Amino acid sequence: KIMIFPEGTCTNRSCLITFKPGAFIPGVPVQPVVLRYPNKLDTITWTWQGPGAFEILWLTLCQFHNSVEIEFLPVYIPSEEERKNPVLYANNVRRVMAEALGVPVTDYTFEDCQLALAEGQLRLPSDTCLLEFAKLVRSLGLKPETLEDDLDKYAASVMKMKKKMVDLKEFSAYLEFPVSQTLESMFALFDENEAGVIDIREFVIALSVVCKPSKTLETIQLAFQLYQSEGGTVTEEDLAHILKTAMGVSQIDVTHLFKAVDEEKKGKITYDDFYTFAVLHPHFAEEYLYADQMGAESGLKTSSLSAPNGICTDFSPDSAGDRRRPLQKKLN
């Protein structure tokens, strides 16, 4: 017998995140086991952010009594359909465990949590649609372990393309994936005013953010390469497109930032100009983007997810906004 923790990480018990399918690929019966910690003060739960294991251990030892309940649920025997589809099998077992625990489920994965809380120079706002984009990327079959190679391939392809605006059929050919509901949903995220065409560069920038959530400047450098003129410069309008896509919002005012970078008032900047400015102003987003627009209709509210136990960030559906709402457009 083997014991596996299918979430693949520690969470704060506010919900069950997506189960990794590895344990369900063999298609053999599993016995779900759920843990409960009915302590008044939760010092058991810890995640990859916040206090480390030793601090949590010390807080736990400071309590007079700590309780844990272990419930062995009935053995779950997969159906023929579940044997053929490990993801379906994993989701159905997760549903059974969530019902036993009395908590909701969320389609967030460990990688989504890393994306939302990445400590790059651009913190994703609370209403970003890049989390939805990341789900669609997974649904297409693009795997985290090969994502950087996929990004390099797609970026190189875009740089060779003369035509940047593509329709759904051309988008399908570019990704080398057949047209499907998932592909249509991804296309809709980038569809400007539902015109039936998208700027393929926006897909590459969004993929770079998902692939390298903490490496802001690498994504911006790639975006400059995609948008720059023959002279290696971008305009204020280009920068707005770049940052809107990188943050997954519909509107953003970059005038203040662009003027600060464009010290010589040329009306255009290079990546070297931007990089030099970013080195001197490592918190440029807070100073030139969030500060001007915090609380505005543009939706530039940085993520500030609550912690039920005062320690671990909450990614439950209610607090993280995972409510099966219609897809938000990424840009324009």
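Biologist: How many residues does helix α3 have, and what span does α3 reach from its first C-alpha to its last?

Modeller: This is a predicted model, so read everything here as computed. Helix α3 covers residues 86–101, which makes 16 residues. From first C-alpha to last, α3 reaches 22 Å, close to the 22 Å expected at 1.5 Å a residue.

Biologist: Which residues of α3 are buried?

Modeller: Start with the general idea. An α-helix has 3.6 residues a turn, so residues three or four places apart point the same way. Now the case here. The buried residues of α3 are P86, Y89, A90, N92, V93, R94, M97 and A98.

Biologist: What do the buried residues of α3 pack against?

Modeller: They pack against two elements: strand β1 (33–36) and helix α2 (80–84).

Biologist: Which residue follows α3, and what is its phi?

Modeller: G102 follows α3, and its phi is positive, near 75°.

Biologist: Where should I look for a positive phi in a residue other than glycine?

Modeller: The general idea is brief. Most residues other than glycine have a negative phi. Here, look at E176, with a phi near 60°. E176 sits in the loop between α7 (168–175) and α8 (181–190). K265 is another such case, with a positive phi of about 55°. Its place is the loop between α12 (255–261) and α13 (271–280).

Biologist: Are E176 and K265 buried or exposed?

Modeller: The cut-off for exposed is over 50% relative accessible area. E176 has 62%, so E176 is exposed. K265 has 72%, so K265 is exposed as well.

Biologist: Why does T233 count as buried?

Modeller: Buried means under 20% relative accessible area. T233 counts as buried because its value is 16%. T233 is in the loop between α10 (216–227) and α11 (236–247). Leaving out residues up to four places away in sequence, T233 touches Y227, Q228, K268, I269 and T270.

Biologist: Where is Y108, and is Y108 buried or exposed?

Modeller: Y108 is in the loop between α3 and α4 (110–116). Its relative accessible area is 4%, so Y108 is buried. Compare sequence and space for Y108 and E132. They are 24 residues apart in sequence and 9.2 Å apart in space, C-alpha to C-alpha.

Biologist: Which residues form a nonpolar patch on the surface?

Modeller: The patch consists of M3, F5, V33, L35, V68, I70 and F72. Together they have about 720 Å² of accessible area. Strands β1 and β2 (69–72) are the elements that give two or more residues to the patch. Take I70, which lies in strand β2. I70 is exposed because its relative accessible area is 51%.

Biologist: How many disulfides does the count give?

Modeller: A disulfide is a covalent bond between the sulfur atoms of two cysteines. Here the count comes to zero. C62 has 48% relative accessibility, so C62 counts as partly exposed. C129 has 3%, so C129 counts as buried.

Biologist: What does the chain as a whole show in helices, strands and burial?

Modeller: The chain has 15 helices and four strands. Of its 332 residues, 45% are buried. Its accessible surface is about 17600 Å², and 54% of that belongs to carbon and sulfur atoms.

Biologist: What share of the contacts with a separation of 6 or more comes from residues 24 or more positions apart?

Modeller: That share is 68% in this chain.

Notes:
Residues are numbered from 1 along each chain as its sequence is written. This is a predicted model: local features need pLDDT of at least 70, side-chain atom pairs count only at pLDDT 80 or more; totals for chains, interfaces and linings use all residues. Side-chain values use heavy atoms; hydrogens and water are left out. Buried means under 20% relative accessible area, exposed over 50%, partly exposed in between (1.4 Å probe, protein chains only). The expected span of a helix is 1.5 Å times one less than its number of residues. Contact means heavy atoms within 4.5 Å. Patches are made of residues with over 30% relative accessible area and no salt bridge: like charges are joined within 9 Å, nonpolar side chains (Val, Leu, Ile, Met, Phe, Trp, Tyr) within 5 Å. Accessible areas come from the Shrake-Rupley method with a 1.4 Å probe; for residues, only the protein chains shown count as cover. A salt bridge is a side-chain nitrogen of Lys or Arg within 4 Å of a carboxyl oxygen of Asp or Glu. A disulfide is a pair of cysteine sulfur atoms within 2.5 Å.
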